[in-house]
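Please read the following questions and answers with the sequence and the model at hand. They begin with the ligand and go on to the chain and its backbone.

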Amino acid sequence: MCGIVGYVGRQEARALLLAGLEKLEYRGYDSAGISVLDGDRIDAVRAVGNLSALRHALNHNGHRAGGSGAAADRPETGIGHTRWATHGRVTECNAHPHFDTTDRVHIVVNGIVENYLALKEQLLAEGAVFTSETDAEVIAHLVARHNQGDLVAAVRRAYAELRGHYAFVAMSADSPGLLVGARKDCPLIIGRGEREQFIASAIPAFLRETRRVQYIDNDEIVVVRPDGVQFLTAGGEPLEREVVEIDWDAETAEKQGYETFMLKEIYEQADAVAETIGERAARDDGIDLVDLGAIDDELLATLRRIVIVACGTSYHAGLIGRYAIEEWSRVPVEVEVASEYRYRNPVVGPGDLVIGISQSGETADTLAAMRTARERGAKVLAVSNVVGSQATREADGVLYTRAGLEIGVAATKTFVAQVAVMYLLALRLAEVRGALDARAMRTAIAELKHLPHQIDLMLERGTAELERIAGENYDRDFYLYLGRHVGLPVALEGALKLKEISYIATDAYAAGEMKHGPIALLDESTPVVVVATDSPVLEKVISNIQEVKARGARVIAVATEGNAEIAKHCDEVIAVPPTQWLLAPLLAVIPLQLLAYYVARKRGLNVDQPRNLAKTVTVE
Ligand code: AGP
């Protein structure tokens, strides 16, 4: 939530900050702003709306697309922010950067300052003049209050007074060429250049300029100057921090001819699954997960239970993982919504493996749930798409998805990669515990490896049929999604995709539960999307389809190619290639992503940046 970027160096700051904010817009997009040191003062421009509004405001104020121009002795210094409102309405005054009463200290913040009201009262009593309704503004006043010519010391003192979870970057008109950042539970990353440095909430903000990064940990202060970066503990002790070279390329952060990032990412799903499986399934008779760290074979062989914690789409991947792990390895699995798990005094401890699934590796609730489990003695495994993200640094072991950078707010390729990781882990557990016979293991691995090809085949067929179905149903007020067994998480995910990008109300239910309530919602205008791929429960699903048809609703089924029976009961059938029934979710979800996509496009909506949503939810 919210994107921060900062720059010190010789290039024109405004252009770099704007380019960085463009790449961070997925984190928040209700307003944006930039502050750049200009002579001996800081010049701030803010605007409500997306970045084109900020660009317009910059032009209107007579700013070049570039910056103020670095003088020989004065490097360019600037910070930028794209906002996802938490405290305070979406207004220009509430947009960042915020500044202190004297306008000498400017800050950008991501996260929430929980004790801001108490701090604000003190600061008001001391004469500070507040200009926004935000919690973030207190940081500017607090840093200014402590700033006696040493911005680093001022940030350290301010940091000590703050409660909550946040990351911020401060600059001062009196300290050219200096940015000071601090973080607590929200991401902040350094991008290292040659005599120029970047600081940002996420790597894409500076990926065009550098792939050399340094991760800032919790309770650390970072001092950023053109010629170097210094890491300090909150107490001021210096720290060593390695520079990591990341392998994302800048092109990934472009649309490459697709009309949206979401569509591009849907089309990248075969690669995401293939990369994620990769050499881990090189053997025909087993799985190798060399990167599991402290979670060794002995632990896999002896653990008594797995608990999966995650949010949103990642939670749905966990649900699919439960079916695969229980079926193949016979290890009992619970799947929990992280925001609930963290507050319910869970019974967890030694002998349990807790898996936190998080695309970003920064979701506040998932991190908190993982910490709770670890504190109680469980081993914790992180499944994440972002190398070096917070979840991966706090876990005992890591399994990376290799989907590449995902920009669209609605998760697509990272979801299928997460599901692939769940299959790999399930098969590895089965192997280590001797729970699956050799033939079943070989078949599962062969079919798993065949999935990327099948995804490609599906996408190559084109999307005309789905576009037609979307065109006929885009104006409905409500969709019901049904599935059973492994089809249920697919239904949940399909429903989430539709609601988040098209703003149509959806419900997703276990098909067998429909007659216990949701059936009352059905009438002739209701599209009912049913996941009806071949499985041992398909007959039951067909019975549920008949119950739906008897109420006059319209059934859109996702079924296995060649199943002639389904077509007799449904209005529309979208076929997916045949595979082992446990693996079918990886194929069945794709038409549901596309259906959601074309419904939203037909409604004229911005699918990459749906209203009210943020890609990474770093607040609870
Ligand atoms: C997915 O389309 C959503 N945008 C959202 O539910 C997301 O999956 C959730 O916020 C979890 O994010 P994470 O995987 O980064 O933890």
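A residue counts as near a molecule or strand if one of its heavy atoms lies within 4 Å of it. The model is a predicted one, in which local features need pLDDT of at least 70 and side-chain atom pairs count only at pLDDT 80 or more, while totals for chains, interfaces and linings use all residues. Residues are numbered from 1 along each chain as its sequence is written, and side-chain values use heavy atoms, with hydrogens and water left out.

Q: How many residues surround the ligand?
A: Among the residues around the ligand, the closest are Ser314, Ser358, Ser360, Thr363 and Glu500. The number of residues that surround the ligand is 15.

Q: How many residues of the shell around the ligand are charged?
A: Asp, Glu, Lys and Arg count as charged, Ala, Val, Leu, Ile, Met, Phe, Trp, Tyr, Cys and Pro as nonpolar, and the others, Gly among them, as polar. By these classes the shell has six nonpolar and seven polar residues, and the number of charged residues is two.

Q: How far is an oxygen atom of the ligand from an N or O atom in the side chain of Ser360?
A: A polar contact is a pair of N or O atoms within 3.5 Å; within protein, one must be able to donate a hydrogen and the other to accept it, and residues adjacent in sequence count only if both atoms are side-chain atoms. A ligand oxygen lies 3.0 Å from a side-chain N or O atom of Lys497, and a ligand nitrogen lies 3.0 Å from a polar backbone atom of Val409. For the side chain of Ser360, the distance from a ligand oxygen is 2.6 Å.

Q: What are the dimensions of the box that the C-alpha atoms of the chain fill?
A: The box is taken along the principal axes of the chain. Its dimensions are roughly 75 × 55 × 40 Å.

Q: Which peptide bond is cis, with omega near -5 degrees?
A: Most peptide bonds are trans. The cis bond with omega near -5 degrees runs from His96 to Pro97.

Q: What value is phi of Asp219 near?
A: Most residues other than glycine have a negative phi. Asp219 is a residue other than glycine with a positive phi, and the value is near 60 degrees.
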